[in-house]
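Please look over the model shown below before reading on.

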Amino acid sequence: MQQPYDVLIIGAGPAGLSFARSLADLPLKVAVLERSSQSTLADPPEDGREIALTHLSAKLMRECGAWQRLPDDGISPIEAARVFDGQSSYSLDFDNDNESLEALGYLVPNHLIRKAYYEEVASHEQIEIRTESVVEEVNTDDNFGYVTLNNGEVLQARLVVAADTRFSETRRNMGLSATMRDFSRTAIVCRMEHTKPHDQTAFECFHYGRTTAILPMNGNKSSVVVTINSRDAQKFADMSEAEFNHNIEQQMDGLLGEMKLIGKRHVYPLVAVHANQFVARRFALIGDAAVGMHPVTAHGFNLGLRGQATLAKEIANAIAEGEDIASQSLLKTYESSQMRVTRVLYHGTNVVVGLFTSESRAAKLARKATLRLANNIGPIKHLITESLTENDLNGTSPLQELKNNLPPVPDFIPVAKAREKIEQILPEKLHPLNVLGLK
């Protein structure tokens with residue numbers, strides 16, 4: 001067995017590569033294991049996915065040098081957002097009212113982010129990237145983690161970190177359970193050009209039976225995401241180009257004029273995943289291996305960047321204090337911090353998806369009421385906007401902030417008795433506030 005590593009990272013997607021870059025300036029021996037070829041990592045294929053980055057994500061990318069490697073024409077500011085329900089012209093509107101911010105966020109193609117991070121990590125010789133490496137088994141003891149590759153080689157490290165997709169085999173191998181939700185829906189993702197300008201505005205249209213999202217790219221081009229029942233996915237994927245163009249034009253009611261497909265359509269089944277634990281002995285989950293989100297709120301990638309930065313910060317602090325970089329207390333601190341953010345967003349997003357995809361009369365009425373309430377109650381709208389932009393790694397989430405600032409419950413409501421009943425029936429880990437990360 002060769003000399004042990006300090007950290008082994010399984011998966012060279014954006015989460016794994018960003019974590020490797022976050023460790024690059026620390027006195028650590030780090031390796032990234034990836035099953036893809038070096039040529040694929042160096043020049044990833046376009047996959048149709050455009051990532052809506054928060055200000056925190058952009059800041060983290062700037063600090064490590066990855067942002068500077070993105071081409072200027074690959075970064076598109078999102079200056080406003082409009083949410084529609086059904087055929088109604090009424091919309092929930094989000095505008096950038098913060099003069100210190102250039103935009104609400106930024107839209108960047110996924111393959112350009114992956115390319116930028118690979119180039120940045122590859123420029124640091126102390127980070128070893130081992131391509132075409134397939135992990136067969138992972139286990140740990142009190143001193144080390146052990147990763148067995150399909151060629152029989154066994155690698156050893158003080159800490160093993162999995163960043164190998166939301167369907168992580170490593171997570172399963174380490175005995176960490178996860179909550180999964182199959183929405184029975186599929187996203188058809190593509191790029192389109194149009195004759196009318198989008199004014200750097202994102203549109204989310206919750207039509208009955210389907211959702212159409214329009215995300216502004218530079219020029220008169222947009223990323224289009226059509227979410228439909230999975231049984232109809234192949235029909236949309238196989239539509240002629242002319243038929244597809246007309247379909248999207250109709251769904252947008254001519255808002256962007258004539259629309260024309262650019263390139264191919266990509267098909268992605270929608271499954272959300274949240275690991276019930278993010279850590280084990282000398283082992284941690286980051287990225288989609290920890291939390292894989294439904295794309296409707298655009299939080300998935302941003303949570304992955306936040307998570308790796310949180311774990312890297314804890315490791316840096318441990319090195320400064322001369323402590324173990326994979327101690328149980330360090331890993332639990334990371335888990336607790338990340339759980340507080342992810343649980344609220346994960347469960348909240350799933351509630352939103354359930355509400356805005358249900359075809360029941362009650363749900364349709366609730367949707368219209370929700371949009372109007374959010375549009376007209378300033379504090380709630382502000383908190384949603386803050387959640388969309390996100391600017392601080394150490395700040396509490398807007399939903400946590402809302403909970404902290406709620407008015408006291410009136411005396412005539414028997415809160416104590418209700419709490420006592422809940423605690424008698426449910427184990428501590430299933431307490432509603434624990435599930436949401438608010439306790």
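Is the crossing of α1 and α8 left-handed or right-handed? The crossing of these two helices is right-handed, a term used when the near helix is turned clockwise from the far one by less than a right angle. This is a predicted model, in which local features need pLDDT of at least 70 and side-chain atom pairs count only at pLDDT 80 or more, while totals for chains, interfaces and linings use all residues. Residues are numbered from 1 along each chain as its sequence is written, and side-chain values use heavy atoms, with hydrogens and water left out.

The axes of α1 and α8 come within 9 Å and cross at roughly 30°, and the two helices are therefore roughly parallel to each other (angles under 35 degrees). The residues in contact (heavy atoms within 4.5 Å) are listed here by helix.

| Helix | Residues | Contact residues |
|---|---|---|
| α1 | 14-23 | P14, A15, S18, F19, S22, L23 |
| α8 | 300-320 | F301, L305, Q308, L311, A312, I315 |

These contact residues divide into 9 nonpolar, 3 polar and no charged.

Because 9 of the 10 residues of α1 are buried (under 20% relative accessible area), α1 is largely enclosed by the rest of the structure; among the buried residues are G16, L17, A20 and R21.

Leaving aside neighbours within four places in sequence, I315 is in contact with F19, L23, L26, L28, L159, I325 and L330.

Definitions and conventions
Axes fitted to C-alpha atoms, helices over the stretch in contact; angles between N-to-C directions. Helix = DSSP H or I, 4+ residues; strand = E, 2+ residues; numbered from the N terminus. Parallel < 35°, antiparallel > 145°, perpendicular 65-115°, else oblique. Nonpolar A, V, L, I, M, F, W, Y, C, P; charged D, E, K, R; others polar. Buried < 20%, exposed > 50% of the residue type's maximum accessible area, 1.4 Å probe, protein only.
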